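Dear colleague,

I am handing over the structure below, and after it I set out what was found. Please read the notes with the coordinates open beside them.

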Amino acid sequence: MPVQETLVGLTRLRNASALRFALAVVLIPLQTLRIVQPQGEWGGVAPERIGELFALLGVVLIAGLVAVALLIASWLLRVLGWGNLCRAKVRRFYCVTRIVVLAAPIAGVAVIIFGAVIAVLEALATGLEYAPSARLPQGALGMVLAGLVLVLAADVFEAVATLDLGQIYGVKILSIASLLLLTNTALSAVTNFVQLPAWIPPLVALPTFAMLTAGFHSARKTAVGSLPSREQQEQQGAKL
């Protein structure tokens with residue numbers, strides 16, 4: 001039934017937004033650690049602080065693994081959620097959104113990795129030593145930029161689709177959140193080229209995904225109201 005597909009899709013998108021909110025919570029301290037970490041050589045660490053250093057590295061490792069798990073889980077839920085809305089035939093554009101959300105991040109990461117490999121091979125071929133201030137070769141830089149565009153394209157398509165959902169169900173918070181998502185996507189892109197603190201995008205992401213979670217939940221309640229009375233009672237009591 002199309003309405004049931006819509007309910008499942010909205011539930012998955014709501015849960016995906018909640019996971020992305022949790023991801024932002026994890027990323028903020030991780031990005032802060034990058035800023036406040038000591039600039040000296042590791043060999044200069046006092047012996048009595050080696051235990052603290054390894055404990056900190058362990059915390060960072062665990063937090064990083066949690067972040068990766070949240071990222072993958074939210075991505076899968078987004079793909080499945082837009083797939084449900086596609087099958088519900090709410091909008092054809094949601095089918096396009098599903099394809100972009102599925103394929104663009106995979107293609108983007110693959111292109112970025114390929115660009116990194118090119119950079120390493122060119123450095124080895126020319127005998128250059130790595131330096132933090134060294135610029136990527138033009139070919140590798142182009143590949144990395146193309147990969148970033150592909151990764152961010154998923155959020156752009158999703159923001160447009162979310163704005164449309166907000167209009168369909170009359171959920172203003174969903175429409176506002178879609179504009180915040182576009183803003184957060186732009187900040188993520190700018191951070192790669194301008195010397196902005198790395199914690200700014202995840203900080204902006206907190207209200208964005210909080211509003212998306214609330215918006216998808218409100219849209220789901222509106223969709224439940226369109227069910228026949230018996231099905232409405234069953235859906236309200238079910239935990240999707």
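In which helix of the protein is confidence lowest, and in which is confidence highest? The lowest confidence is in helix α7 (residues 229-237), with a mean of 51, and the highest is in helix α6 (residues 200-224), at 91, where pLDDT is the predictor's confidence in each residue, from 0 to 100, and helices are DSSP runs of H or I with at least four residues, numbered from the N terminus.

This is a predicted model, in which local features need pLDDT of at least 70 and side-chain atom pairs count only at pLDDT 80 or more, while totals for chains, interfaces and linings use all residues. Residues are numbered from 1 along each chain as its sequence is written, and side-chain values use heavy atoms, with hydrogens and water left out.

The protein has an average pLDDT of 82, and 79% of the residues score at least 70. Over residues 34-42 pLDDT stays under 50, and for that stretch the model has three contacts (heavy atoms within 4.5 Å) beyond four places in sequence.

Turning to helix packing, α5 (residues 172-191) and α6 pack at an angle of about 155 degrees with their axes 8 Å apart, the axes being lines fitted to C-alpha atoms, for helices over the stretch in contact, and the angles running from 0 to 180 degrees between N-to-C directions. That makes α5 roughly antiparallel to α6, a term that applies to angles over 145 degrees. The residues that meet include Ile-173, Leu-180 and Leu-187 in α5, and Val-204, Phe-209 and Leu-212 in α6.

His-217 is also found in helix α6, and is partly exposed, with a relative accessible area of 35%; partly exposed lies between buried, under 20%, and exposed, over 50%, for a 1.4 Å probe and protein chains only. His-217 and Arg-14 are 203 residues apart in sequence, yet their C-alpha atoms are 6.2 Å apart in space.

Ala-146, in helix α4 (residues 138-169), is partly exposed as well, at a relative accessible area of 36%. Its C-alpha atom is separated by 7.2 Å from that of Val-111, which is 35 residues away along the chain.

Finally, the count comes to one disulfide, defined as a pair of cysteine sulfur atoms within 2.5 Å. Cys-86 and Cys-95 form this disulfide, with their sulfur atoms 1.9 Å apart, and the torsion about their S-S bond is about 90 degrees, so the disulfide is right-handed. Cys-95 is partly exposed, with a relative accessible area of 23%.

With best regards

Conventions:
Helices (H or I, at least four residues) and strands (E, at least two) are DSSP runs, numbered from the N terminus. Angles under 35 degrees count as roughly parallel, over 145 as roughly antiparallel, 65 to 115 as roughly perpendicular and the rest as oblique.
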